[in-house]
Amino acid sequence: MSAPERIGIYGGTFSPPHCGHVRAAEAFAASGCIDRLMIIPSFLPPHKDYRPEVSTEDRLHMCEIAFSGIPGAEISDIEIRRGGRSYTVDTLRALSAPDRELVMLCGTDMLMTLDSWYRADEIFRLCTVAYVRRENSAEVLPLLRARADLYREKYGARIIEIESDALEISSTEIRRELSHNVAPSLIPREVYEYIQKRGLYR
Ligand code: ATP
Ligand code: MG
């Protein structure tokens, strides 16, 4: 029997995708932990008050542009096609297969709250969790590692750390800048050009 294919999963609202997302995805792809990477923009994030104000087509397209330089990365519309609230467990169920191993990437905020997600226990059974820090300083690492240990003990979770130089940026910050007509610095140039051309986030 051949080794299972290791599918990396990187989900988010990506409204818009920024250089922090790209940096984290690059580190994930280069980590040697995965064979392929699926970037999965959510339709409706279940845990957010914020509803993406740009169309799903625009978010998909911005992801295509932002992640195009990463070998083995593809953009998946699985959550957008499914519609409704985008529960991670549904996506993992749909992607699970006997000859596959799923590895899901989370930034700091997601790792810290993962056990409050819908069907968290099943999420931990269906995938290995990979985490990457969002903060410049490595001071957050002991916190993340303690959280990982807690999930291992409580859920038998499989968790790995992805080493990456973080970029401290969020889509919220970029939306704020765009709405004030400020050119954001930590966004891929082609994504910014697309946003300008389409007049998004004004
Ligand atoms: P928003 O401000 O709208 O919540 P965001 O920047 O947090 O946007 P999301 O689409 O919510 O981006 O996040 C998708 C995934 O990317 C999450 O796992 C999140 O932790 C991770 N992530 C977001 N920003 C960074 C960053 N700068 N470095 C590493 N990971 C990040
Ligand atoms: Mg977020």
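## Around ligand 1

Let's start with the ligand. Ligand 1 has 22 residues around it, and the ones that come nearest are Y10, D109, L167, S171 and T172. Keep in mind that this is a predicted model, so every distance here is computed from that prediction.

What kinds of residues make up the shell around ligand 1? Ten are polar, seven are nonpolar and five are charged. Several elements each supply at least two residues of that shell: strand 1 (5-12), helix 1 (19-30), strand 4 (100-107), helix 5 (108-113) and helix 8 (171-179).

Now zoom in on some atom pairs. In the side chain of T172, an N or O atom is 2.4 Å from an oxygen atom of ligand 1. The side chain of H18 also has an N or O atom facing an oxygen atom of the ligand at 2.9 Å. With I169 the backbone takes part: one of its N or O atoms lies 3.1 Å from a nitrogen atom of ligand 1.

How much of ligand 1 does the protein bury? Taken alone, the ligand exposes 590 Å², and the protein buries 94% of that.

## The largest pocket

Where does ligand 1 sit? In the largest pocket. There is a handy way to picture such spaces: rolling a probe the size of a water molecule over the atoms shows where empty space is left. For the largest pocket, that space comes to about 880 Å³.

Its lining has 48 residues, and G11, G12, T13, H47 and M110 lie nearest the pocket's centre. The elements giving two or more residues to this lining are strand 1, helix 1, helix 4 (88-95), strand 4, helix 5 and helix 8. Sort the lining residues by type and you get 22 nonpolar, 18 polar and eight charged.

## The second largest pocket

The second largest pocket has a volume of about 160 Å³. Among the residues that line it are L178, N181, V182, Y192 and R202. Which element gives the most to this lining? Helix 9 (residues 189-198) does, with three residues. By type, the lining holds six nonpolar residues, three polar and one charged.

Most peptide bonds are trans, and most residues other than glycine have a negative phi.

Now look at the loop between strand 1 and helix 1, which is where P16 has its place. The peptide bond from S15 to P16 is cis, with omega near -5 degrees. The other spot to check is R119, in the loop between helix 5 and helix 6 (120-126). R119 is not a glycine, yet its phi is positive, near 55 degrees.

Terms used:
Residues numbered from 1 in each chain as written. Chains lettered and ligands numbered in written order. Predicted model: local features only at pLDDT ≥ 70, side-chain atom pairs only at ≥ 80, totals over all residues. Heavy atoms only, no water. Near = heavy atom within 4 Å. Polar contact = N/O pair within 3.5 Å; in protein donor to acceptor, adjacent residues only side chain to side chain. Areas by Shrake-Rupley, 256 points an atom, 1.4 Å probe, with all protein chains shown as cover. 1 Å grid on protein atoms, 1.4 Å probe; cavity = no way out; pocket = protein on both sides within 12 Å on 5 of 7 lines; lining within 4 Å. Sits in = over half its atoms within 2 Å of the grid points. Helix = DSSP H or I, 4+ residues; strand = E, 2+ residues; numbered from the N terminus. Nonpolar A, V, L, I, M, F, W, Y, C, P; charged D, E, K, R; others polar. Points joined across faces, edges and corners; volume = space filled by probe spheres on them.
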